[in-house]
Amino acid sequence: MNNPETNQTVAGTRNSEEALFGDTQGLSLPPILIQYWHTAMRWRWLMLGIVVAALVIGILATLLMAPQFTAQAQLQIDRQQKQITNVEGVEAIESARDMEFYATQYALLETRPLIERVANELKLAENAQFFEAHGVDFSAADGDASNRTPAEKAEARRKKAVELLMRNVQVTPIRNSRLVNITYTSRSPTLSAQIANKWATAFIAISIDRQFASTADARKFLESRLDTLRKRVEDSERQVMLYGSKSGIVSLNQVRDEDGKTVANRTLASEALEQLSTTLNQATADRVAAQSRARGDGSDASEAVVSSTLAGLRQERARAAAEYSESRVVFAEEYPQAKEQAERLATLDAAIARETARIAAARKREFKEASTQEKLLGQKVSTLRAELDRQNRANIQYNIYQREADTNRQLYDALLQRYKEIGVAGAVSANNIAIVEPAIVPDVASSPNLVVNVALSLFLGLLGAGLAAVILEQIDEGIREPAQLEPTLGVPLLGVTPAVDGDVVEQIYDPKSQLYDACFSVRSNLTFATSHGFPRSLSILSTRPAEGKSSMALALAVILSRTGKRILLVDGDLRNPSVHQLFSAPNKRGFSNYLSGDDEWAQLTQTTESDNLTILSSGPVPPSAAELLSGDRLGQFVKEALEEFDHVVFDSPPILGMTDATMIAKAVEGVVYVVQSGGAAV
């Protein structure tokens with residue numbers, strides 16, 4: 001008989017789908033944490049094995065690992081190098097693109113040229129200790145050395161050394177700082193420190209070389225540009241001079257600003273015109289003054305006032321006039337002395353008149369000379385003005401040539417200054433990278449770390465165990481929770497029977513047992529399956545053998561018989577019969593005989609110790625049970641049996657792999673599906 005060790009879940013189908021079974025309809029899945037806990041408990045031994053295996057593997061691997069030593073050197077990388085040649089300041093102006101700059105520097109610390117430089121400077125390709133420090137045989141580093149030349153062997157070792165360096169170095173920037181750590185790990189502490197320090201110095205050297213190379217390229221470019229500009233300056237200045245000579249422009253003085261641009265250009269014509277204009281103005285002033293003096297009769301001229309001759313004559317006339325007046329008082333006009341004095345007075349007046357006339361004539365002559373000089377100067381100025389106008393018109397093109405020459409000169413001077421600065425900067429070789437802390441020889445191995453490895457093994461073991469449990473849980477189609485039944489099969493839950501110890505038949509017949517109570521609850525729920533109560537014909541089936549369907553069929557038959565109903569329990573499992581074993585009855589003749597053609601099925605039944613309970617064993621195992629059940633006699637049997645009995649209960653065969661159960665299910669009014677807890681359902 002079937003005696004499952006785990007709980008059974010009983011589901012109803014067909015007509016029972018339309019019924020409500022009390023609180024069983026409201027079942028829901030437990031909380032997710034509870035489900036995880038149940039999953040862990042179901043697979044606890046497997047999970048424990050995986051964790052223990054991971055710990056053992058981790059411990060063994062740690063004990064078998066060769067010790068590794070890690071040396072660390074620390075660099076400081078500034079945003080830009082010191083601007084020693086910059087007159088604005090020593091420190092460079094910070095750029096906003098620090099992130100891009102430092103990402104570039106970190107990438108440069110792991111480039112192949114730097115690695116090859118470290119390998120070449122330390123001669124690692126010829127160092128057998130280097131290969132041994134990484135667990136590589138020095139002779140094996142040559143590769144297939146049977147048919148290789150010495151040069152090919154050396155190249156193979158060099159490539160292997162570069163590969164080992166690349167694999168064991170680690171560049172770790174320190175967050176929110178300009179510091180970066182360079183760590184190297186090998187089995188040799190001395191070699192690790194040596195390589196870490198060489199890595200830092202090689203990076204500084206290659207950075208300086210790169211800066212010098214870029215400076216050399218810039219100087220080479222500037223040299224070519226300076227040569228071109230030098231020729232251009234010479235040509236433009238030559239063109240200025242040739243055009244000035246052709247146009248008669250003679251430059252006396254050129255004034256340039258601090259940028260070398262011509263801001264003033266004094267020519268010979270402008271200088272001469274300026275001087276003649278000044279002289280002409282003075283001549284005009286002299287002519288006006290002479291003209292003003294020439295308009296008088298000379299007596300009121302300033303020369304007459306200051307002339308000593310005229311003053312002497314006037315003084316002598318005054319004495320003569322005084323003597324003549326005295327003589328007139330004494331003598332008459334005809335008196336000789338009076339006549340002599342009158343003649344003398346007339347002579348003095350004539351002398352004074354002649355002197356005054358001479359002064360007036362001198363002024364007119366001076367006016368005439370001033371007018372002539374003014375006229376001549378005016379003509380000369382007009383001539384120079386015309387010449388200057390012509391030169392000014394020519395100066396338009398002259399200035400164009402001059403501006404071009406100035407521009408070329410400015411470009412040449414600027415490039416020459418930059419060329420000198422780059423030369424000085426290249427000679428100084430300032431660098432923006434410095435070693436903050438050189439690597440020291442480590443005293444303690446960095447790996448393997450037993451505590452870390454055990455913790456990692458434990459974590460991986462727990463992770464693997466959890467994944468294994470989840471994967472097994474996902475691929476396992478078994479039903480473990482009553483709430484899974486209805487979503488999976490689409491049928492309502494009738495009840496749950498517990499796992500029992502001891503004889504199942506005894507507990508079925510014991511009204512005080514838990515199994516009896518559970519089966520009675522299933523029977524009570526089945527009374528709501530149809531409009532007339534408990535189905536008159538019922539099939540009990542399961543997915544596979546040993547899920548408790550025979551025990552459930554017996555329990556329902558016993559419980560129904562105790563209500564005074566006449567019950568016929570039919571063993572429909574023609575391939576693996578078990579009902580006769582539950583009652584210790586013979587199985588020589590039975591249901592298979594009827595299906596084979598024996599019409600007297602009532603003579604094939606057997607009574608039991610229970611009142612109102614009759615059984616029909618399966619009988620001999622037929623060669624093809626499916627052919628017997630597929631005929632019309634199965635339906636005829638159910639119809640005839642219901643005329644004699646109140647209920648007919650079939651113990652059907654399992655569904656999995658056979659069609660027998662579906663044929664019996666077609667002939668009965670209801671089907672009860674028994675699913676073992678943890679078992680598969682279809």
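Keep in mind that the model is predicted.

I'll start with strand E11, residues 567–571. Five of its five residues are buried. That holds for both faces: Ile-567, Leu-569 and Asp-571 are on one side, Leu-568 and Val-570 on the other.

What does E11 pair with? One partner is strand E13, residues 613–616, which runs parallel to E11 and is joined to it by four bridges. Within that pairing, Val-570 has Leu-616 of E13 as its bridge partner. Another partner is strand E14, residues 647–651, again in the parallel sense, over five bridges. There, Ile-567 stands opposite His-647.

Asp-651 pairs with Lys-549, and the closest N and O atoms are 3.2 Å apart. Asp-651 lies in E14 and Lys-549 in helix H16, residues 549–561, so the contact ties together parts that are 102 residues apart in sequence. Both Asp-651 and Lys-549 are buried.

The side chains of Asp-660 and Arg-575 meet at 2.7 Å, N to O. Asp-660 is in helix H21, residues 660–667, while Arg-575 is in the loop between E11 and helix H17, so this pair ties together parts that are 85 residues apart in sequence. Are the two ends of this pair buried or partly exposed? Asp-660 is buried, with a relative accessible area of 0%. Arg-575 is partly exposed, with a relative accessible area of 41%.

A third one is in another part of the chain. Glu-116 and Arg-158 form a salt bridge at 3.6 Å, N to O. Glu-116 belongs to helix H4, residues 112–122, and Arg-158 to helix H6, residues 150–168; the two residues are 42 apart. Both ends are partly exposed: Glu-116 has a relative accessible area of 23%, and Arg-158 comes out at 22%. Over the whole structure, the search finds 16 salt bridges.

Now the other sheet. It is open, has four strands in the order E3-E4-E2-E7, and its pairing is antiparallel. Which strands stand at the edges? They are E3, 169–173, and E7, 433–437; each has a single partner strand, so one side of each is left without a neighbour in the sheet. On average, neighbouring strands of this sheet are turned by 30 degrees against each other, direction ignored. E3 pairs with strand E4, residues 179–186, in the antiparallel sense over five bridges. In that pairing, Gln-170 stands opposite Thr-183 of E4.

Last, two helices. H15, residues 514–526, has 13 residues and reaches 19 Å from its first C-alpha to its last, close to the 18 Å expected at 1.5 Å a residue. Its buried residues are Leu-515, Tyr-516, Ala-518, Cys-519, Val-522, Arg-523, Asn-525 and Leu-526.

The other helix is H12, residues 450–475, where Leu-463 is found. Leu-463 is part of a nonpolar patch on the surface, together with Leu-456, Phe-459, Leu-460, Leu-467, Ile-471 and Ile-475. The accessible area of the patch is about 700 Å² in total.

Conventions:
Residues numbered from 1 in each chain as written. Predicted model: local features only at pLDDT ≥ 70, side-chain atom pairs only at ≥ 80, totals over all residues. Heavy atoms only, no water. Buried < 20%, exposed > 50% of the residue type's maximum accessible area, 1.4 Å probe, protein only. Pairing = 2+ DSSP bridges. Expected span 1.5 Å × (residues − 1). Patch = residues over 30% accessible without salt bridge, like charges linked within 9 Å, V, L, I, M, F, W, Y side chains within 5 Å. Areas by Shrake-Rupley, 256 points an atom, 1.4 Å probe, with all protein chains shown as cover. Salt bridge = Lys/Arg side-chain N within 4 Å of Asp/Glu carboxyl O. Axes fitted to C-alpha atoms, helices over the stretch in contact; angles between N-to-C directions.
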